[in-house]
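Open your viewer and get ready to select a few side chains with me. We will go stop by stop, and at each one I will say what to pick and what is there.

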Amino acid sequence: MKITVFGATGGVGREVVRQALDAGHEVTAVVRDPARLPVPAHERLHVATVSDVTDEEALLSVVIGRDAVVSALGAASNKQAKETPIAGPALEAITSVMDRAGVRPLSAVSAAPVGRLPDGEGVFTRAVVYPLLRRLLRDLYADLADMEAAMGASGTRWTVVRPPMLRNKPRTGTYRRSIDGNVPGGRVIARADVADALLVSLTDPATACHTLGVAS
């Protein structure tokens, strides 16, 4: 499969690139600065520099002719999301270009607090953790909510992956999943497992046009 990866230099994005190459896919890694991509050169890896991920004409060249798209885009901080939202505007442009190019499979990483609390979640999480996160990171989550809305309004076969706190741990492949909900008691997950979920969802009919909660 030919896969375009946005946000390829981030913690999740670089894992997507590595795992996709290991699985035999051809990868176009979209970056702003090629020097920040810590993935060795590979005959199936193409690095494309795009300075503005809302520029549809620039995006068209890295989407047309591909089989699927993965987005690991997001603001680095709540302050950045407030000043310059990234995920929402970018996915509005990316999905528009995908519709034009006839490319349908799309997966993108969001965050667990954007979704609703799972049934049976503990009182502390329900009364303290989620309200505090949503208040402290409200601009970041608003950007991700806009991203999810853009995906849902598109003609793509989308999957939104919502992880809790991310850790730099090896891929396990044994993480828990919850379609259209967050994982009860889900606190952390490895970035490598999030990458795995993003790639698996591209061809999993059970997750097409659904949100997917993941956690260790």
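## Stop 1: a buried pair

Select Glu148 to begin: with a relative accessibility of 13%, this residue counts as buried. Keep in mind as you go that this is a predicted model.

Which residue does the side chain of Arg162 meet in a salt bridge? The partner is Glu148, and the N to O distance is 2.6 Å. The two come from distant parts of the chain: Arg162 sits in strand 6 (residues 157-162) and Glu148 in helix 6 (residues 138-152), 14 residues apart. Is Arg162 buried or exposed? Its relative accessibility is 12%, so Arg162 counts as buried.

## Stop 2: a neighbour of both

Next, pick Thr211, which you will find in strand 10 (residues 210-215). Thr211 is buried too, at a relative accessible area of 12%. Show what surrounds Thr211, leaving aside residues up to four places away in sequence: among its contacts are Glu148 and Arg162, the residues from the previous stop. Trp158, Val160, Ser178, Ile179, Asp180 and Gly181 also touch Thr211.

## Stop 3: one turn of a helix

Move to helix 1 (residues 11-22) and select Glu15 and Arg18. Their side chains form a salt bridge, 3.5 Å from N to O. How far apart are Glu15 and Arg18 in helix 1? They are three residues apart, which means about one helical turn separates them.

Colour by accessibility here if you like. Glu15 counts as partly exposed at 22%, and Arg18 is partly exposed as well, with a relative accessible area of 28%.

## Stop 4

For the last stop, select Arg100 and Glu57. These two form a salt bridge whose closest N and O atoms are 3.3 Å apart. This pair also links distant parts of the chain, with Arg100 in helix 4 (residues 87-101) and Glu57 in helix 2 (residues 56-63), 43 residues apart. Arg100 has 45% relative accessibility and so counts as partly exposed, while Glu57, at 54%, counts as exposed.

If you want to keep exploring, the structure holds six salt bridges, including the one between Arg162 and Glu148 where the tour began.

Notes. Residues are numbered from 1 along each chain as its sequence is written. This is a predicted model: local features need pLDDT of at least 70, side-chain atom pairs count only at pLDDT 80 or more; totals for chains, interfaces and linings use all residues. Side-chain values use heavy atoms; hydrogens and water are left out. Helices (H or I, at least four residues) and strands (E, at least two) are DSSP runs, numbered from the N terminus. Buried means under 20% relative accessible area, exposed over 50%, partly exposed in between (1.4 Å probe, protein chains only). Contact means heavy atoms within 4.5 Å. A salt bridge is a side-chain nitrogen of Lys or Arg within 4 Å of a carboxyl oxygen of Asp or Glu.
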